[in-house]
Amino acid sequence: MGSAGSPDLAALPALETRPKFIFFTDFDGTITQQDSNDFMTDNIGFGAAKRKESNKGVLFGQRDFRDAFQEMLDSVTTPFDHCIDLLIRNIALDAGFRAFFHWAREHNVPIVVLSGGMEPIIRALFEHYLGKTDADSLRIVSNAVKVRPGKTSINEEGGWTISYHDDSGFGHDKSLEIRPYANLPADERPILFYAGDGISDLSAAKETDLLFAKAGRDLVTYCERENVPFTTFRDFSDILATVKDIVAGDLSVKDAATGRK
Ligand SMILES: [Mg+2]
């Protein structure tokens, strides 16, 4: 318990350094150039055609994302450590992310990664691209990996399966993590940013002050349909330029939400 006037750091861990801004972000396809789960499915699982067919069912509301995603991952039976090796060799970091990461740390803008993927994969990719110390400093809220019933290790054939973060239809409802910050009294509430590329980012984006939606991706269309203010980005150098202006007081979040460029 904090003293009166201190934030509850258990529910609001990103407030630890008393930031004026917090940057929430998706991982796959946003911080990385490719989606790691799609990559595994397409190359060592049931393949791209079946994945896209299954995604349509989700988009048309015939089934929950979490069930489709579970089925997709269950088609990957490669030992987990081999999956990580494969992803490290094939998934590239966004070209501007490293510079954004260092700027954010120097300017007390905590980065919180909210992902519908699996934390050990995300940590392994960050360690590969940023080094262990910097990777360890990132807060990641995501799903876990567990040993499949009847197996003894995630690193054996068919040995792993996803362990979901919560009971929501997405497996991980990203808005749950953001809401306690969004609901802070106005004089204590930091400005909240969010960056993403897909449909699971929409509920999260609605809680924040400015959404960066990846140019050319589905999220742009959803935002227009649902009237969520946003701006687009091609890579994190675009995000850095805008966030810098806002932090310096030269641009308001309202004026930054220019929509599709
Ligand atoms: Mg994504």
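What share of the contacts in the chain between residues at least 6 apart in sequence join residues at least 24 apart? I found 63%, where two residues are in contact if their C-beta atoms, placed from the backbone, lie within 7 Å.

I note that this is a predicted model, in which local features need pLDDT of at least 70, side-chain atom pairs count only at pLDDT 80 or more, and totals for chains, interfaces and linings use all residues. Residues are numbered from 1 along each chain as its sequence is written.

I looked up burial next. Buried residues make up 34% of the 261 residues in the chain. A residue is buried if 20 or more other C-beta atoms, placed from the backbone, lie within 10 Å of its own, and exposed if 12 or fewer do.

I then turned to helix H3, residues 65-74, where Phe65, Arg66, Phe69, Met72 and Leu73 are buried. Seen down the axis of H3, these residues fall within an arc of 125 degrees, so they line one face of the helix. The arc is that of the directions from the helix axis to the C-beta atoms. Helices (H or I, at least four residues) and strands (E, at least two) are DSSP runs, numbered from the N terminus. The cover over the buried residues of H3 includes H1, helix H2 (48-59) and S4.
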